[in-house]
Amino acid sequence: MFRAVLRCSSSSRGGLAAWRRAAALAAGGSPSAQARAQPQPAAALAARWYSHGKQETDEEFDARWVTYFNKPDIDAWELRKGMNTLIGYDLVPEPNIIDAALRACRRLNDLASAIRILEAVKDKAGPHKEIYPYVIQELRPTLTELGIPTPEEIGLDKL
């Protein structure tokens with residue numbers, strides 16, 4: 001293959017056509033088949049392949065993040081990295097994901113991160129004032145069990 005390419009590149013006639021013939025021969029095509037082949041229009045190359053992947057369902061997404069935060073050997077950096085990635089999405093995390101994250105904070109004995117997670121959820125809810133009370137309502141048993149106060153209970157909403 002390389003010899004054929006070198007011969008074609010050193011010849012003064014044929015230039016690009018010689019390169020194409022050499023590449024076709026190296027790929028196993030016959031010269032007569034290559035002579036009949038017509039160039040394809042450029043529009044065929046503009047296909048979008050990125051949208052053909054499998055779409056993750058909401059349940060799979062929730063399960064992936066709950067599994068991430070339930071890792072027994074999670075460290076503080078992984079907790080912050082996971083929350084940063086999760087908050088970066090265009091959604092408010094489900095209460096079961098936040099529950100797993102708060103339990104990870106408790107395993108790490110990191111009260112500051114737990115409160116910061118609740119602040120991030122409140123911030124992420126934005127103008128939809130009904131979301132944050134719902135999340136707190138769903139998390140109330142976990143917050144009580146773990147002894148985690150809400151930002152409102154310690155006065156962070158007044159600052």
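In which kind of crossing, left-handed or right-handed, does helix 4 pass helix 5? Keep that in mind while you set up the view. The model is predicted.

**Whole chain**

Show the protein as a cartoon. There are eight helices and zero strands. Along the sequence the pattern reads α-α-α-α-α-α-α-α. Now colour by burial. Of the 159 residues, 27% count as buried. Then look at contacts. Among those with a separation of 6 or more, 58% join residues 24 or more positions apart.

**Stop 1: helix 4 against helix 5**

Select residues 58–69 for helix 4 and 76–88 for helix 5. Helix 4 passes helix 5 in a left-handed crossing, which settles the opening question. The two axes come within 10 Å and cross at roughly 160°. Angles over 145 degrees count as roughly antiparallel, so helix 4 and helix 5 are roughly antiparallel to each other.

Next, show side chains at the contact. From helix 4, pick Phe61, Trp65, Tyr68 and Phe69. From helix 5, pick Glu78, Leu79, Lys81, Gly82, Met83, Thr85 and Leu86. By class, this contact of helix 4 with helix 5 has seven nonpolar, two polar and two charged residues.

**Stop 2: Phe69**

Stay on helix 4 and centre on Phe69. What does Phe69 touch, leaving aside neighbours within four places in sequence? Its contacts are Ile74, Leu79, Gly82, Met83, Leu86, Ile97, Ala100, Ala101, Ala104 and Arg107. Leu79, Gly82, Met83 and Leu86 were also picked on helix 5 at the previous stop.

**Stop 3: the largest nonpolar core**

The largest nonpolar core has 26 residues, and Phe69, Leu102 and Leu118 have the most contacts inside it. Helix 4, helix 5, helix 6 (95–108), helix 7 (111–125) and helix 8 (131–146) each supply at least two residues. Which helix gives the largest share of this core? Select helix 6: seven residues of the core come from there.

**Stop 4: helix 6 against helix 8**

Helix 6 passes helix 8 in a right-handed crossing.

Show side chains again. On helix 6, the contact is made by Pro95, Ile98, Asp99, Leu102, Arg103 and Arg106. On helix 8, look for Tyr134, Val135, Glu138, Leu139, Thr142, Leu143, Glu145 and Leu146. By class, the contact of helix 6 with helix 8 has eight nonpolar, one polar and five charged residues.

**Stop 5: Pro149**

Is Pro149 buried or exposed? Buried means under 20% relative accessible area, so Pro149, at 19%, counts as buried. Draw a C-alpha to C-alpha distance from Pro149 to Ile115: the two are 34 residues apart in sequence and 7.3 Å apart in space. Pro149 touches Leu111, Ile115, Leu118 and Ile154, not counting residues up to four places away in sequence.

**Stop 6: Thr150**

Finish on Thr150, also in the segment after helix 8. With a relative accessible area of 2%, Thr150 is buried. Beyond neighbours within four places in sequence, Thr150 is in contact with Leu118, Tyr132, Ile136, Arg140 and Leu143. Leu118 is one of the residues with the most contacts inside the largest nonpolar core.

Terms used:
Residues are numbered from 1 along each chain as its sequence is written. This is a predicted model: local features need pLDDT of at least 70, side-chain atom pairs count only at pLDDT 80 or more; totals for chains, interfaces and linings use all residues. Side-chain values use heavy atoms; hydrogens and water are left out. A nonpolar core is a set of buried Ala, Val, Leu, Ile, Met, Phe, Trp, Tyr and Cys residues joined through side-chain atoms within 4.5 Å. Buried means under 20% relative accessible area, exposed over 50%, partly exposed in between (1.4 Å probe, protein chains only). Helices (H or I, at least four residues) and strands (E, at least two) are DSSP runs, numbered from the N terminus. Contact means heavy atoms within 4.5 Å. Axes are lines fitted to C-alpha atoms, for helices over the stretch in contact, and angles run from 0 to 180 degrees between N-to-C directions. Angles under 35 degrees count as roughly parallel, over 145 as roughly antiparallel, 65 to 115 as roughly perpendicular and the rest as oblique. A crossing is left-handed if the near helix is turned anticlockwise from the far one by less than a right angle, and right-handed if clockwise. Ala, Val, Leu, Ile, Met, Phe, Trp, Tyr, Cys and Pro count as nonpolar, Asp, Glu, Lys and Arg as charged, and the others, Gly among them, as polar.
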